[in-house]
Structure formats: structure tokens, C-alpha cells
Amino acid sequence: MTRPLSSAERSIQGRNRWLQDEERKAIESRGEVGRMEFWLRVTRSEITREIKAGRGDAIAAFTLVCRLFKLVLEKRQAGDPRLFDHLMQYADTVLKQHGRRN
């Protein structure tokens, strides 16, 4: 028999359900561009919360991730897809292992 979920667990479950529903709606209305825009909005909100909590290094981290992605795209455009492939594999692995909160 499983125990009832705690308030925190129910909250996390509700948040995850909301994220999935909103992502689905974004895809239905604007396709992959909608999905990307949705996750950018969610990320911007999370960064704002981090800053308010005194963790301003979130801006530097996001900036580095953006610069990395730009470099990867430039390398791929120049004919070297290896970094893009590695980044996609790494991102997929990390999200499978840590993506959804329980």
C-alpha cells in the first residue's frame, strides 16, 4: 500500500502536470517554436526567482549556456556537427536522469 502524498509532493506533482499541459498547448498552437518560447518564458521566471533569492549567479550561468549553444550552432554551420551531437546527447542524458521532480 502506498502512503498519501505530502503537501510538497502534491505541489510538485501539480507543477509538473501544469508544465506538461502548457508545453502541449504551446506545441499545438505554434509547433516546436511554441515549445521553445514556452521554455524560455519558464526559464526567465526561474531566473527572476533565483535573483530574488540572492542567487544572481543564475544570470551568469544562463549567459554561459546561451554562449555555448551559439558556439555549437556556429560549429555545425561551419560543417562540424560533433559539438552539436555531443551537446544533444548530454542534454538528453541529464534530462532523463534529473528532468522531472518526483
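Because the model is predicted, local features need pLDDT of at least 70 and side-chain atom pairs count only at pLDDT 80 or more, while totals for chains, interfaces and linings use all residues. Residues are numbered from 1 along each chain as its sequence is written, and side-chain values use heavy atoms, with hydrogens and water left out.

**The pocket**

The largest pocket comes in at about 1,600 Å³. On a 1 Å grid over the protein atoms alone, a pocket is an open set of points where a 1.4 Å probe fits, with protein on both sides within 12 Å along at least five of seven lines, and lining residues have an atom within 4 Å of a point. Points are joined across faces, edges and corners, and the volume is the space filled by probe spheres set on them. There are 31 lining residues, and Trp39, Thr43, Val65, Ala91 and Leu95 are the closest to the centre. Helix 1, helix 2 (57-77) and helix 3 (82-98) each give two or more residues to this lining; helix 1 gives the most, with 14. Helices here are DSSP runs (H or I, at least four residues), numbered from the N terminus. By type, the lining splits into 18 nonpolar, four polar and nine charged residues.

**Salt bridges**

Side chains of opposite charge can pair when their charged atoms come close. The model holds 12 salt bridges, each a side-chain nitrogen of Lys or Arg within 4 Å of a carboxyl oxygen of Asp or Glu. Three of them are tabulated here.

| Pair | N to O distance |
|---|---|
| Arg49 and Glu46 | 2.6 Å |
| Lys70 and Glu74 | 2.1 Å |
| Lys96 and Asp92 | 3.0 Å |

Arg49 and Glu46 are about one helical turn apart because they sit three residues apart in helix 1. Both also belong to a salt-bridge network with Arg15. Lys70 and Glu74 are four residues apart in helix 2, and Lys96 and Asp92 are four apart in helix 3. Lys96 is exposed at 64% relative accessibility, whereas Asp92 is partly exposed at 38%; the cut-offs are under 20% for buried and over 50% for exposed, with partly exposed in between (1.4 Å probe, protein chains only).

**Glu23 in helix 1**

Glu23 lies in helix 1 (residues 7-52). With a relative accessible area of 15%, Glu23 is buried. Its side chain makes a polar contact with the side chain of Arg35 at 3.2 Å.

Definitions and conventions:
Polar contact = N/O pair within 3.5 Å; in protein donor to acceptor, adjacent residues only side chain to side chain. Nonpolar A, V, L, I, M, F, W, Y, C, P; charged D, E, K, R; others polar.
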